[in-house]
Amino acid sequence: PLVIHGPVGTGKTHLLEGIYAAARKAHPDWRVSYLTSEEFTNRFLYAMRHDKLGGLRRQLRELDLLLVDDLGFLATKKATQEELLHTFDALNSEGRRMVVACDCHPRLADGFSPELTDRLLGGAVWGLTPPDQQTRLEILQAKSRLGGGPPLAPAVLRLLAESLRGNVRELEGALQCVRHYARVTGRPADVALAREALADHLRHA
């Protein structure tokens with residue numbers, strides 16, 4: 001499998017959605033499914049209660065590509081982990097593909113069974129980290145052009161990129177904060193206003 005792990009807000013879901021869309025475009029004949037772990041669990045429980053496990057297993061194990069997001073949701077769900085394990089084994093034996101995302105490296109996921117951890121470690125394990133300053137600036141520039149209204153001044157974006165070291169959602173929130181503060185006060189969104197609007201953010205950063 002391909003295992004993508006990293007802290008909240010580093011783009012794991014975004015990346016899985018991109019893989020899903022690219023696979024559908026490049027291989028229109030493939031059977032591809034994208035599920036969160038919660039959806040996988042709900043489908044499994046429903047099939048078990050309504051005596052439809054055979055149908056669910058056929059549906060999942062005949063896929064060419066299965067993507068499962070937020071694997072940490074399965075941490076204490078032994079029966080669901082076992083079902084996912086059998087699904088993985090069935091896909092793997094046929095040379096089919098699986099991509100999963102979780103918040104930490106599989107070795108650090110205390111709630112995973114040893115068998116599931118072993119399978120995950122048998123593939124490519126890639127970690128995502130919060131963006132560096134240049135990447136933060138590029139993200140802010142892109143986000144600033146969205147959502148209506150004029151883009152924020154380069155000096156304001158540089159201030160945010162240099163000062164805020166969190167994830168992408170924090171950067172988006174900071175942009176919205178500056179825009180709202182400028183709108184409410186009727187002042188231009190310059191560096192001085194950004195420092196006022198984000199005083200708490202900057203102090204905590």
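Author: Two strands count as paired if DSSP finds at least two bridges between them. The model here is predicted.

Reader: What makes S3 and S4 a pair?

Author: Strand S3 covers residues 65-69 and strand S4 covers residues 97-102. Four bridges join them, in the parallel sense. At least two are needed, so S3 and S4 pair. Leu65 stands opposite Arg97 in S4.

Reader: How do you know which strands stand at the edges of the sheet?

Author: Look at the order, which is S2-S3-S4-S1-S5. These five strands form an open sheet with parallel pairing. S2 (32-36) and S5 (124-127) each have a single partner strand, so one side of each lacks a neighbour in the sheet. On average, neighbouring strands are turned by 15° against each other, direction ignored.

Reader: Why is helix H2 said to touch S2 and S3?

Author: Contact means heavy atoms within 4.5 Å. H2 (residues 37-49) packs on the sheet and touches both of these strands. Its direction makes about 95° with that of S2. Helix H4 (residues 78-93) lies across S3 and S4, at about 145° to S4.

Reader: How many lining residues of the largest pocket are charged?

Author: Seven are charged, beside six nonpolar and five polar residues.

Conventions:
Residues numbered from 1 in each chain as written. Predicted model: local features only at pLDDT ≥ 70, side-chain atom pairs only at ≥ 80, totals over all residues. Heavy atoms only, no water. Helix = DSSP H or I, 4+ residues; strand = E, 2+ residues; numbered from the N terminus. Axes fitted to C-alpha atoms, helices over the stretch in contact; angles between N-to-C directions. Nonpolar A, V, L, I, M, F, W, Y, C, P; charged D, E, K, R; others polar.
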